[in-house]
Amino acid sequence: MKKKKSHFSIFILVFLVMIVWTSWHMLDVGEEEDTIAVSVIVSDSNHDRWISLRQGLEQAAKDYRVRMNYVSTGKFGPGEGLALMERELENGASGLIVQMAASKGFKESAGQAAVILLESDVEPEDVYAYAGPDNYKMGEALAQAVKKDLAEISGERRSVDCRRQKVKLGILCGNQRQLSMRQRLAGFRKEMEGTQTETAWITADIASGSVPEEIPDLMAALGNDETEQLVDYLQEEKRDREQCLLYGIGCSEKAVYYLDQGIIDTLVVPNEFSMGYQSMEAVASQLRYHTAKAAGSITDFLVIDRNNLYDADNQKVLFPLVQ
């Protein structure tokens, strides 16, 4: 009798193990089938300015069971971003998170894919969901930092003589085919109206002979690459921070380093971790719930100078996963 009970107990145990194993296997298969393939395409993808963005993307991909392909790219040439989109869709991507240089041909290349646009919208607006900062307001914030210093600078602090009637200003405006850069420039220029400044030059790129030899009193850069270019330009011209005040938009390690060194006076920093997380969250929700369009989001930005660089909240934005 005891022997029969023993055999019966073993049978029940084996049966329960089989049920648990089968259920686990079925859940695992379900999770694999439920995984979404999303490709992320940004210009110069390995530049350190994208570190926070990529951390946000990866965190959201983990949270929402997304198989992310972060596409390796150089700086986009004409039409290169569109070609990469088409390739990723052909290779099985269901969704795209894309930074665009221009809008021409975008709709044809995107097709019916779920698309989130990073940092810059395409025209006509509101056709695709957008994740990123309010570019017009970032331009305004940069101008407000310039205006603040215009009010505070004295001849004793800087060699910039703000007592004369006009202060010369140089603007590195970036690629004006991008809606985001046009919006930043519009916000910056509108906010600067009525100030005692004179625009010495405005250019998309600092190339040989593209700007006058005379260094202006103030320089403003409307993107990360442009901010880095202005830093390099000042160093090549052997000009120091006492001869020109520099203001920029950016978030790369290089930009933050030169802010810390005092070469950059003020940096407007978009919250790219939030931009990455929210863009991945939006495209995953669109694909899972089959909505017509993902819900876009406007992410925040910070205005950082040497006085608040090491504030805890600012450090969390600059180095989100190092905390």
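Predicted model: local features only at pLDDT ≥ 70, side-chain atom pairs only at ≥ 80, totals over all residues.

The following paragraphs treat the confidence of the model, then each sheet with its helices.

The mean pLDDT of the chain is 83, and 78% of the residues reach 70 or more. Two stretches call for caution. Over residues 27-33 the pLDDT is below 50, and beyond near neighbours in sequence this stretch has one contact in the model. Residues 154-158 likewise have a pLDDT below 50, but for this stretch the model contains eight contacts beyond near neighbours in sequence.

We turn to the sheet that includes β1. This open sheet consists of six strands in the order β2-β1-β3-β4-β5-β11, and its pairing is parallel. At the edges lie β2 (66-70) and β11 (297-299), each of which pairs on one side only. On average, neighbouring strands of this sheet are turned by 20° against each other, direction ignored. Within the sheet, strand β4 (residues 114-118) runs parallel to strand β5 (residues 129-133), and three bridges join them.

Helix α2 touches β1 (36-41), β2, β3 (95-98) and β4, and the direction of α2 makes about 155° with that of β2. Helix α9 touches β1, β2, β3, β4, β5 and β11; its direction makes about 165° with that of β4.

These helices also pack against each other. Helix α2 (residues 51-63) and helix α9 (residues 272-289) meet at an angle of about 35°, with their axes 6 Å apart, and α2 passes α9 in a right-handed crossing. From α2, the contact is made by Ser52, Leu53, Gln55, Gly56, Leu57, Gln59, Ala60, Ala61 and Asp63. From α9 come Glu272, Phe273, Met275, Gly276, Tyr277, Ser279, Met280 and Glu281. By class, the residues of this contact divide into eight nonpolar, six polar and three charged.

The other sheet to consider includes β6. Its six strands form an open sheet in the order β7-β6-β8-β9-β10-β12, with mixed pairing. The edge strands here are β7 (197-203) and β12 (301-305), and each pairs on one side only. Neighbouring strands of this sheet are turned by 15° against each other on average, direction ignored. Strand β6 (residues 167-172) pairs with strand β8 (residues 218-221) in the parallel sense over four bridges; in β8, Leu218 is the bridge partner of Leu169.

Helices accompany this sheet as well. Helix α6 (residues 179-192) lies across β6, β7, β8 and β9 (245-249), and runs at about 170° to β6. Helix α7 (residues 224-236) packs on the sheet and touches β6, β7, β8, β9 and β10 (266-270). The direction of α7 makes about 145° with that of β8.

How are α7 and α8 oriented relative to each other? Helix α7 and helix α8 (residues 253-260) pack at an angle of about 50°, with their axes 9 Å apart. Angles between 35 and 65 degrees fall in the oblique class, and α7 and α8 are therefore oblique to each other. Helix α7 passes α8 in a left-handed crossing. Asn224, Glu228, Val231, Asp232 and Gln235 of α7 make the contact with Lys254, Ala255 and Tyr258 of α8. The residues of this contact divide into three nonpolar, two polar and three charged.

How values were computed. Residues numbered from 1 in each chain as written. Heavy atoms only, no water. Pairing = 2+ DSSP bridges. Helix = DSSP H or I, 4+ residues; strand = E, 2+ residues; numbered from the N terminus. Axes fitted to C-alpha atoms, helices over the stretch in contact; angles between N-to-C directions. Contact = heavy atoms within 4.5 Å. Parallel < 35°, antiparallel > 145°, perpendicular 65-115°, else oblique. Left-handed = near helix turned anticlockwise from the far one by under 90°. Nonpolar A, V, L, I, M, F, W, Y, C, P; charged D, E, K, R; others polar. pLDDT = per-residue confidence, 0-100.
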